Amino acid sequence: MSANSAASDPAHDPAGGTASDPVNGPVSGPVLVLVGPPGSGKSTVGRLAADHLGVSFRDFDDDMQAEHGKEAGELVVDFGRERFQELEHELLVRVLPEHHGVLALGGGTPTAPGVPELLKPFHVVFLDVDLDHLLRREGLLPLHPWLMPNPRAQLRQLLSDRRPVYAAVADATVPTSGREPADILNDVLASLEPST
Ligand SMILES: Nc1ncnc2c1ncn2[C@@H]1O[C@H](COP(=O)(O)OP(=O)(O)OP(=O)(O)O)[C@@H](O)[C@H]1O
Ligand SMILES: O=C(O)C1=C[C@@H](O)[C@@H](O)[C@H](O)C1
Ligand SMILES: [Mg+2]
């Protein structure tokens, strides 16, 4: 059970709740899912988007922490990447249908086997960022101990490996390098508008 599950009560999320899947029809879940590398601004922009839409915000790393008793970054180190990703998939299956607001995924969640399929019915936005801007963002290393001992090299590889995965699960890609969160928010909200 997540620490913030009360905030995902559907009653708090009047604007969210149902997406459409070509095979299964209407599917209950988040109105917006944010993906991107660690530090791309998923939590920052996700909170702003939730406030703007009048729905609740939920951070999947917090769900993992509440479920397994340690910060997600420590779980990667303790369990190893493969097991961590199995646990992410297992928990995401439960979280998606019960949360109707904005959901920020963990940085690696879209690369977990089976996760792209789970995301298909929902509106997914990829927050993109380049390496230099990413390295300037605060708080990256304490939260992600697996980036040591060479964060620059690790992040360069991570961006190159994952960009295609993030782009493939996303309905829209929003660049964030050198941009203010409010500006990024506008693009994220615009991606939710039906195209004419
Ligand atoms: N557009 C931006 N410009 C500059 N700094 C930013 C921007 N967006 C977020 N930040 C800062 O970068 C850091 C990481 O942001 P945030 O925690 O929102 O990223 P995240 O994608 O949720 O990362 P994580 O995967 O670690 O949860 C924070 O210190 C935040 O204040
Ligand atoms: O990018 C990643 O692989 C990760 C990002 C974080 O959000 C956490 O989910 C964890 O530290 C792994
Ligand atoms: Mg975050």
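Helices (H or I, at least four residues) and strands (E, at least two) are DSSP runs, numbered from the N terminus. The structure is a predicted model, in which local features need pLDDT of at least 70 and side-chain atom pairs count only at pLDDT 80 or more, while totals for chains, interfaces and linings use all residues. Residues are numbered from 1 along each chain as its sequence is written, chains are lettered from A and ligands numbered from 1 in the order in which they are written, and side-chain values use heavy atoms, with hydrogens and water left out.

Pro 149 sits in the loop between H7 and H8. The peptide bond that joins Met 148 and Pro 149 is cis, with omega at about 5°.

The nonpolar interior was examined next. A nonpolar core is a set of buried Ala, Val, Leu, Ile, Met, Phe, Trp, Tyr and Cys residues joined through side-chain atoms within 4.5 Å. Buried means under 20% relative accessible area, exposed over 50%, and partly exposed in between (1.4 Å probe, protein chains only). The largest nonpolar core has 35 residues, of which Val 35, Phe 60, Leu 92, Leu 105 and Leu 119 touch the most other members. Elements that each supply at least two residues of this core include strand E3 (32–35), helix H4 (81–98), strand E6 (124–128) and helix H8 (151–169). H4 gives the largest share, six residues. A second, separate core holds 17 residues, among them Leu 34, Val 45, Val 55 and Val 125. In soluble globular proteins, nonpolar side chains tend to be buried together.

Contacts (heavy atoms within 4.5 Å) were listed for single residues. Beyond its neighbours within four places in sequence, Leu 92 is in contact with Phe 60, Pro 97, Leu 103, Leu 105, Thr 109, Val 115, Leu 118 and Leu 119. Leu 118 lies in helix H5. Leu 118 is partly exposed because its relative accessible area is 23%. Not counting residues up to four places away in sequence, Leu 118 touches His 89, Leu 92, Val 93 and Leu 96. Leu 118 and Leu 96 are 22 residues apart along the chain, and their C-alpha atoms are separated by 8.4 Å.

The largest pocket has a volume of about 700 Å³. On a 1 Å grid over the protein atoms alone, a pocket is an open set of points where a 1.4 Å probe fits, with protein on both sides within 12 Å along at least five of seven lines; lining residues have an atom within 4 Å of a point. Grid points are joined across faces, edges and corners, and the volume is the space filled by probe spheres set on the points. Of the 37 lining residues, Pro 38, Gly 39, Lys 42, Ser 43 and His 144 are the closest to the pocket centre. H1 provides the largest share of the lining, four residues.

The UniProt annotation "binding site", from an unreviewed entry, covers Asp 61, Gly 107 and Arg 162. Such annotations may be inferred rather than shown by experiment; positions follow the numbering used here, and feature names are shortened. From this set, Asp 61 and Gly 107 belong to the lining of the largest pocket. Gly 107 is in the loop between strand E5 (102–104) and H5. Gly 107 counts as buried because its relative accessibility is 13%. Arg 162 is in helix H8. Arg 162 is buried, with a relative accessible area of 9%. Not counting residues up to four places away in sequence, Arg 162 touches Pro 38, Arg 81, Gly 107, Gly 108 and Thr 111.
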